[in-house]
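Look at the structure first, then read on.

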Amino acid sequence: MTFTSYMDQALDEARMAAERGEVPVGAVIVAPDGSVVARAGNRTRELSDPTAHAETLAIREACAVIGSERLVGHDLYVTLEPCPMCAAVISFARIGRLYYGAADPKSGGVAQGPRVFSHAQCHHAPEVYDGIAAREAEEMLKSFFAAKR
């Protein structure tokens with residue numbers, strides 16, 4: 001079986017988020033058969049919703065599409081290390097594998113900060129693969145914030 005990365009699609013979602021004035025983070029959820037079930041970019045400002053992170057929106061959409069609150073065997077590609085809130089949602093949804101791009105030393109919850117998946121209270125921890133297209137994701141974030149200053 002050949003590995004196929006869906007990070008390019010997550011990066012596209014991040015670019016669209018930036019065009020909307022949102023922090024450029026994008027996410028894609030892939031079913032066990034390799035089909036894309038959901039995709040999203042940040043919409044916190046647009047929706048006036050602090051929980052409208054790309055990962056959470058994609059998980060909500062994927063759950064609605066398959067008709068279950070569990071995404072067992074599904075993969076999540078996201079351009080930035082998930083925050084603690086999103087890491088908890090990933091765990092609750094039972095995502096099988098998490099692939100993320102840029103590390104987030106300030107707000108990350110997977111390899112930085114609280115490291116949600118390593119807590120005894122975490123009921124499910126996905127396989128985690130980091131650094132996928134990290135440089136492109138980092139550059140997009142740096143450019144976005146540089147333009148704001």
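The text below covers the overall build, the surface and the aromatic rings.

**Overall build**

The model is predicted. Its protein chain contains five helices and five strands. In sequence order these elements follow the pattern α-β-β-α-α-β-α-β-β-α. The radius of gyration is 14 Å, close to the 15 Å given by the globule rule for 149 residues, so the chain is as compact as a globular protein of that length. Along the principal axes, the C-alpha atoms fill a box of roughly 40 × 35 × 30 Å.

How much of the chain is buried? Buried residues account for 44% of the 149 residues. Contacts tell us about the fold as well. Of the contacts between residues at least 6 apart in sequence, 57% join residues at least 24 apart.

**Surface and charge**

The protein chain exposes about 7,600 Å², and carbon and sulfur atoms supply 53% of this area. The chain carries 15 positive and 19 negative charges.

**Aromatic rings**

The chain has four aromatic pairs. Two of them are set out here.

| Pair | Distance between ring centres | Angle between planes | Type |
|---|---|---|---|
| Tyr 77 and Tyr 99 | 4.5 Å | 10 degrees | stacked |
| Phe 144 and Phe 145 | 5.1 Å | 85 degrees | edge-to-face |

Why is the pair of Tyr 77 and Tyr 99 called stacked? Planes under 30 degrees apart count as stacked. The planes of Tyr 77 and Tyr 99 are at 10 degrees, so this pair is stacked. The pair links distant parts of the chain: Tyr 77 lies in strand E3 (residues 75-80) and Tyr 99 in strand E4 (residues 97-102), 22 residues apart. Both Tyr 77 and Tyr 99 are buried.

For an edge-to-face pair, the planes must be over 60 degrees apart. The planes of Phe 144 and Phe 145 are at 85 degrees, so that pair is edge-to-face. Phe 144 has a relative accessibility of 10%, so Phe 144 counts as buried. Phe 145 has a relative accessible area of 33% and is therefore partly exposed.

Ring pairs link Tyr 6, Tyr 77, Tyr 99 and Tyr 129 into a cluster.

How values were computed
Residues numbered from 1 in each chain as written. Predicted model: local features only at pLDDT ≥ 70, side-chain atom pairs only at ≥ 80, totals over all residues. Heavy atoms only, no water. Helix = DSSP H or I, 4+ residues; strand = E, 2+ residues; numbered from the N terminus. Rg over C-alpha atoms; globule rule 2.2 N^0.38 Å. Buried < 20%, exposed > 50% of the residue type's maximum accessible area, 1.4 Å probe, protein only. Contact = heavy atoms within 4.5 Å. Areas by Shrake-Rupley, 256 points an atom, 1.4 Å probe, with all protein chains shown as cover. Lys, Arg positive; Asp, Glu negative; His and termini not counted. Charge placed at Lys NZ, Arg CZ, Asp CG, Glu CD. Phe/Tyr/Trp six-rings, centres within 6.5 Å; stacked < 30°, edge-to-face > 60°.
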